[in-house]
Amino acid sequence: MAAPDPIAAAMGVRGCLRAVSSYSSPQVVVVRNGHLGTAYRALQLLVLLYFTGYVFIIQKGYQEREMGPESSIITKVKGVTQSPSKVWDVGEYVAPPEGGSTFSILTRVDISPAQAMETCPEGRAVANATCSSDQDCVPRDTDTSGHGERTGRCVPQAGGTGKSCEVLAWCPVDGDSISESLAEMASQFTVLIKNNIHFPRFGFSKGNIQASESGYLKSCMFNTTSALYCPIFKLGFLVEQAGEDFAELAEKGGVIGVIISWNCNLDLPDAECNPHYSFRRLDPKGALASQGYNYRFAKYYNWNGTRSRVLIKAYGIRVDVIVHGQAGKFSLIPTIITLATALTSVGLGSFVCDWILLCCMDKEQRYSSRKFEQVSPGCRCG
């Protein structure tokens, strides 16, 4: 193996040192070209307009910002309605009763016949429930779509139209339910939405209720212009603002979103920070499967010493209250950063014009020789 050449190694080290110790100084070359000059000034103007109009004025680039306030929501529903069998008050048609950011209002119920815990044939609609003998029914087996635990016996179905496996469940599992509508007066229910927000970075808090007197909320109703700080809405108003038909929604159920936006410029007085409300339907309206909104619950009672229940399939309008927003306030650090970015970006015009001169114009060689010049300054010692 040949020994390394010490002269070549020394030259390589000297070249690296020369590259490290070199300095590139910008050289000003005046190019008298009307088209290029116009393009240069136009680029500078666009950059200045962008930072002045969009970054500073619209985006408020001089502000420190906080996204997403801390928020609390309390809701309350009032009203009375009736179905063919009874009168319903707020304690029965609102769930859950605590009054949080998500709640549902019943608008239709399917009530099953009275049920008791005993053995009976499995429902006809359950897969693999039909049988011809006891061997087809595995004891203590359960089905996720079934109603109970199988006993191992194959018994006649209700009505004598075949056989199915017997189950220990709330019986009868099949029965003609009674449908009752609660929507007759539901559109007139009033919904109070109390919202308080806090931006901890700026120590700023505000709520969507500003009552001038103690009884203000008893007589007011929300209006965007005249009663912005009266957050009491009729249920029919929420559905209408979401672009839905109340009768159709009450029949099949659905989810309505109430979106409260707080976008606050804290450089202005507190009175300029106001809530903005918008409404829309959140569940897919045209879904082929699992359309609408419904759930089941049971009411239990004792009848002649037997624990019984009534199963209710409830259709309703679920209301989701969603709060978001942001706050901004003048701060020196983002202002300096934005100004430095703007001043740096102004130099974009020079870069573009240099590229055009070096690559696209017929005098690029002449410009290149004037633009880039190597100088080796001498050093007088001693």
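Two strands pair if DSSP finds at least two bridges between them. The model discussed here is predicted.

Q: How many helices and strands are there in the chain?
A: The chain has 382 residues, and buried residues make up 34% of them. Its secondary structure consists of nine helices and 17 strands.

Q: Which residue in S6 does Ala95 stand opposite?
A: Strand S5 covers residues 94-95 and pairs with S6 in the antiparallel sense, over two bridges. Ala95 stands opposite Ser104.

Q: Which residue takes a positive phi in the hairpin of S5 and S6?
A: The hairpin has six residues between the strands. A positive phi near 80 degrees is found there at Gly99.

Q: How many bridges join S6 to strand S17?
A: S17 spans residues 306-330 and runs antiparallel to S6. Thr102 stands opposite Asp320 in S17. The bridges that join S6 to S17 number nine.

Q: Which residue in S10 stands opposite Val109?
A: Strand S10 is made of residues 178-181. S10 and S6 run antiparallel and are joined by four bridges. Opposite Val109 stands Glu180.

Q: How many of the residues of strand S6 are buried?
A: S6 runs over residues 102-111, which is 10 residues, and is mostly covered. A residue counts as buried under 20% relative accessible area. In S6 the number of buried residues is eight.

Q: Which residues have the most contacts inside the largest nonpolar core?
A: This core has 46 residues. S6, S11, H5, H6, S14, S15 and S17 each supply at least two residues of the core. S17 gives the most, with eight residues. The residues with the most contacts inside the core are Tyr93 and Ile105.

Q: How many residues are in the second, separate core?
A: This core includes Leu192, Cys220, Ala227 and Ile232. Its number of residues is six.

Q: Is Tyr229 buried or exposed?
A: Tyr229 lies in the loop between helix H4 and strand S13. Its relative accessibility is 12%. The cut-off for buried is under 20%, so a residue below that value belongs to this class. Tyr229 therefore counts as buried.

Q: Which residue's side chain makes a polar contact with the side chain of Tyr229?
A: Leaving aside neighbours within four places in sequence, Tyr229 is in contact with residues including Lys206, Gln210, Tyr216 and Pro275. The list of contacts also includes Cys273 and Asn274. The polar contact, at 2.6 Å, is with Asn274.

Q: How far apart in space are Tyr229 and Leu217, C-alpha to C-alpha?
A: In sequence, Tyr229 and Leu217 are 12 residues apart. In space, their C-alpha to C-alpha distance is 9.6 Å.

Q: Why is the pair of Tyr50 and Phe51 edge-to-face?
A: A search of the whole structure finds 14 aromatic pairs. The ring centres of Tyr50 and Phe51 are 5.2 Å apart, and their planes stand at 85 degrees. Planes over 60 degrees apart count as edge-to-face. The angle that makes this pair edge-to-face is therefore 85 degrees.

Q: How many residues apart in sequence are the parts tied together by the pair of Phe222 and Tyr277?
A: The rings of Phe222 and Tyr277 are edge-to-face, 5.0 Å centre to centre, with 70 degrees between the planes. Phe222 lies in the loop between H4 and S13, whereas Tyr277 lies in S15. Phe222 is buried at 11%, and Tyr277 is buried at 8%. The parts tied together are 55 residues apart in sequence.

Q: Which ring does the charged end of Arg108 sit over?
A: The charged end of Arg108 is 3.9 Å from the ring centre. The ring belongs to Tyr315.

Technical notes
Residues are numbered from 1 along each chain as its sequence is written. Side-chain values use heavy atoms; hydrogens and water are left out. Buried means under 20% relative accessible area, exposed over 50%, partly exposed in between (1.4 Å probe, protein chains only). Contact means heavy atoms within 4.5 Å. A polar contact is a pair of N or O atoms within 3.5 Å; within protein, one must be able to donate a hydrogen and the other to accept it, and residues adjacent in sequence count only if both atoms are side-chain atoms. Rings of Phe, Tyr and Trp (its six-membered ring) pair if their centres lie within 6.5 Å; planes under 30 degrees apart count as stacked, over 60 as edge-to-face and the rest as tilted. A charge sits over a ring if NZ of Lys or CZ of Arg is within 6 Å of the ring centre and within 35 degrees of the ring normal. A nonpolar core is a set of buried Ala, Val, Leu, Ile, Met, Phe, Trp, Tyr and Cys residues joined through side-chain atoms within 4.5 Å.
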